[in-house]
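Trainee: Could you take one part of this model and go through it with me slowly and closely? I would like to follow how its side chains pair up and what lies around them.

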Amino acid sequence: MDTFYFTQSFIDELKTTETPVLRELRDRALEQAKKALLTEVLTEDKVAYHGDETKYENLHENYGDAAGPFENSMPLLGFGYCYTGEEAYFEKARELMMTYAGYK
């Protein structure tokens with residue numbers, strides 16, 4: 001998914017737009033946000049890190065894969081929260097962020 005950033009005024013405009021392309025974009029983004037909210041699975045630190053933490057060769061382990069939920073879902077969850085105001089999107093985004101930030 002490509003990262004996208006919208007201002008709150010643009011998000012407000014999306015709520016009332018009559019432009020078919022923008023309505024389609026909005027509807028797809030909301031659909032994907034709801035999917036991320038309901039299905040995103042967190043990767044535990046022990047899965048991301050397999051090695052002996054005292055050795056330099058293990059510093060990068062599997063964090064790229066573990067960051068996938070964070071990287072893919074955060075823009076969608078942010079959009080879902082800004083568009084709908086539903087706290088569930090915010091809470092899921094925080095859960096992802098705190099999990100990823102908690103890795104060793």
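Mentor: Glutamate 24 and arginine 28 both belong to helix H2, where they stand four residues apart, about one turn of the helix. In this predicted model, their side chains meet in a salt bridge, with 3.8 Å from N to O. Glutamate 24 is partly exposed, with a relative accessible area of 45%, while arginine 28 is exposed, at 52%; the cut-off for exposed is over 50%, so the two residues receive separate labels.

Another salt bridge joins arginine 23 to glutamate 18, and here the closest N and O atoms are 3.5 Å apart. Arginine 23 is partly exposed, with a relative accessible area of 31%, whereas glutamate 18 is exposed, with 62%.

Helix H2, which covers residues 20-39, also meets helix H5, residues 68-84: their axes come within 8 Å and cross at roughly 110 degrees. That angle makes H2 roughly perpendicular to H5, and the crossing in which H2 passes H5 is left-handed. On the H2 side the residues in contact include Arg26, Ala29 and Leu30, and on the H5 side they include Leu76, Phe79 and Tyr83. Sorted by class, this contact between H2 and H5 has nine nonpolar, four polar and one charged residues.

Arginine 94 counts as partly exposed at 38% relative accessibility, and glutamate 91 counts as partly exposed at 36%. Across the whole structure, a search finds five salt bridges.

Methods
Residues are numbered from 1 along each chain as its sequence is written. This is a predicted model: local features need pLDDT of at least 70, side-chain atom pairs count only at pLDDT 80 or more; totals for chains, interfaces and linings use all residues. Side-chain values use heavy atoms; hydrogens and water are left out. Axes are lines fitted to C-alpha atoms, for helices over the stretch in contact, and angles run from 0 to 180 degrees between N-to-C directions. Helices (H or I, at least four residues) and strands (E, at least two) are DSSP runs, numbered from the N terminus. Angles under 35 degrees count as roughly parallel, over 145 as roughly antiparallel, 65 to 115 as roughly perpendicular and the rest as oblique. A crossing is left-handed if the near helix is turned anticlockwise from the far one by less than a right angle, and right-handed if clockwise. Contact means heavy atoms within 4.5 Å. Ala, Val, Leu, Ile, Met, Phe, Trp, Tyr, Cys and Pro count as nonpolar, Asp, Glu, Lys and Arg as charged, and the others, Gly among them, as polar. A salt bridge is a side-chain nitrogen of Lys or Arg within 4 Å of a carboxyl oxygen of Asp or Glu. Buried means under 20% relative accessible area, exposed over 50%, partly exposed in between (1.4 Å probe, protein chains only).
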